[in-house]
Amino acid sequence: MADARTRNRYFDDLFSTPDLAWMGQNTNHVPAHPAVAEAMIRSVEAGEFNAYAPPMGFEALRSAIVADLGAGSAEALVTEGGVNALAMICKARAKPGTTLVTTDPTWKWPCLFAEQAGAEVVQIPIYDPATSFKLTPEALRAAVDERCAIIYIVDPNNPLGIRYEREEITAFAEIARSVGALMIHDCTYRDFADGHTPVLQVAPEGTVVSLSFSKWLGLAGMRIGTLVAEPKLVDEFSAASTSVLGASVVAQRAAMAGLSVKPEWMQEVRRLDRANKAMIVTAAETAGLSVPVPVSHGNFLVLETAGTGVSPEAIVEAARREGVMIRQGRYHTAAFGDRFIKVSTSVPGAWAERFCEGLPRYIETARTLNDIPALF
Ligand SMILES: Cc1ncc(COP(=O)(O)O)c(C=O)c1O
């Protein structure tokens, strides 16, 4: 519990830091679209929060999610954040004697959920320019056997920002099918990608897509996400749910409004995101960092720190002291985490400018830091 409390205080302190620039969790801080803000206000004013939502989500939202994904005959189950969609799926499938196979780096929480259920986690290293920082079908095939219950692919990958081609997704799904495993395609960042193929478009059976409204729509604090799969799998996963009373009503109203203005909203978000990325790449290279994946399909960038002579943690702590939250690589990966920091880019331009202006100073401060407190 000591760790849990320290972690809680860490985030509580961040929340109470005046004018904090949130650039560590890939959240979206572009001021909300008026239609989304209005939908939430209208819902609150009508007292809709007094009632429970339908347990699988409002029907209109479930249909809109499937249509937006282009997932044909699949069905959506609305959850309290993408994280709970993933927890539910892991609870349904991970068992002692099974494996969850994923990449390194990956998004770490589903690994924890699988381990909690008694499964073993197998991570395939992908931090390698020789494979363009991607998982290859060959590497995946070599890592799976009949024990494999789940293949978990984050695409675009957080933190690397790579994305997979249609052929690669098709190959991963075929490998999953060959060993009787479920393929989870975590498409949380798909709306920041140039071109993206959800697995349901190429292999609609035995696969599931998880999605979030935290990143593209900026609803992280509202806690709303979804899983999309064939009805048979949705039934199976629902049976493992602990969220039997549904997700937030207000969040669902916001999500529906967001989907209705999505093209216009994302055009503006991506314009800002692209401009911030360009500015940050230049500032990072000038300050002696390097950018292994310069074209990131997520709303974030990995910046390698070797050229600075200081650790990622020291830079993160120095930035935190100036009210800028960025992330140390070790949050994502023990094997490669000493190489990089990660910076989120779906933020107001003024925040990105603040980070760029401060970066040389963070590095200088980092040289003087001896005791770095725990970072999360
Ligand atoms: C890859 C990935 N999946 C899922 C999530 C969960 O998102 P949420 O629970 O906020 O919808 C995140 C959040 O950082 C993520 O990076």
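Modeller: Let's start with helix 3 (residues 59-69), which lies across strand 2, strand 7 (207-212) and strand 8 (225-229) and runs at about 120° to strand 2. Before going on, here is what we're looking at: a predicted model, where local features need pLDDT of at least 70 and side-chain atom pairs count only at pLDDT 80 or more, while totals for chains, interfaces and linings use all residues. Residues are numbered from 1 along each chain as its sequence is written, and side-chain values use heavy atoms, with hydrogens and water left out.

Helices (H or I, at least four residues) and strands (E, at least two) are DSSP runs, numbered from the N terminus. Contact means heavy atoms within 4.5 Å. Axes are lines fitted to C-alpha atoms, for helices over the stretch in contact, and angles run from 0 to 180 degrees between N-to-C directions.

Helix 7 packs on the sheet too, touching strand 5, strand 6 and strand 7, and its direction makes about 150° with that of strand 6.

So what is that sheet like? It is an open one of seven strands, in the order 2-8-7-6-5-3-4, with mixed pairing; two strands pair if DSSP finds at least two bridges between them. Strand 2 (75-79) and strand 4 are the edge strands, each pairing on one side only. From one strand to the next, the twist averages 20°.

Look inside the sheet at strand 5 and strand 6 (residues 182-186): they run parallel and are joined by five bridges. Across that pair, V154 stands opposite D186 of strand 6.

Keep your eye on D186, which brings us to the ligand. There are 13 residues around it, and G82, D186, Y189, S212 and S214 come nearest; a residue counts as near if one of its heavy atoms lies within 4 Å. An N or O atom in the side chain of D186 is 2.7 Å from a nitrogen atom of the ligand. The side chain of Y189 has an N or O atom 2.7 Å from a ligand oxygen, and the side chain of S214 has one 2.6 Å from a ligand oxygen. The protein covers 93% of the 390 Å² of accessible area that the ligand has on its own (Shrake-Rupley method, 1.4 Å probe).

G82 also turns up in the next piece. Two packed helices are described by the angle between their axes and the distance between the axes. Helix 4 (residues 82-93) and helix 8 (residues 231-239) pack at about 90°, their axes 8 Å apart. That's why helix 4 and helix 8 count as roughly perpendicular. For the labels, angles under 35 degrees are roughly parallel, over 145 roughly antiparallel, 65 to 115 roughly perpendicular, and the rest oblique. Helix 4 makes the contact with M88, I89, A92 and R93, while helix 8 brings in L233, E236, F237 and S238.

Most residues other than glycine have a negative phi, and most peptide bonds are trans. Now check P105, in the loop between strand 3 (99-104) and helix 5 (109-116): a cis peptide bond joins D104 to P105, with omega about 5°. P159 sits in the loop between strand 5 (148-154) and helix 7 (166-179), where the bond from N158 to P159 is cis as well, with omega about 20°. Then there's F133, in the loop between strand 4 (120-125) and helix 6 (137-143). F133 isn't a glycine, but has a positive phi of about 60°.

So, tracing it back: helix 3 lies across strands 2, 7 and 8, helix 7 touches strands 5, 6 and 7, and D186, standing opposite V154 in the sheet, is among the residues nearest the ligand.

Methods: Polar contact = N/O pair within 3.5 Å; in protein donor to acceptor, adjacent residues only side chain to side chain.
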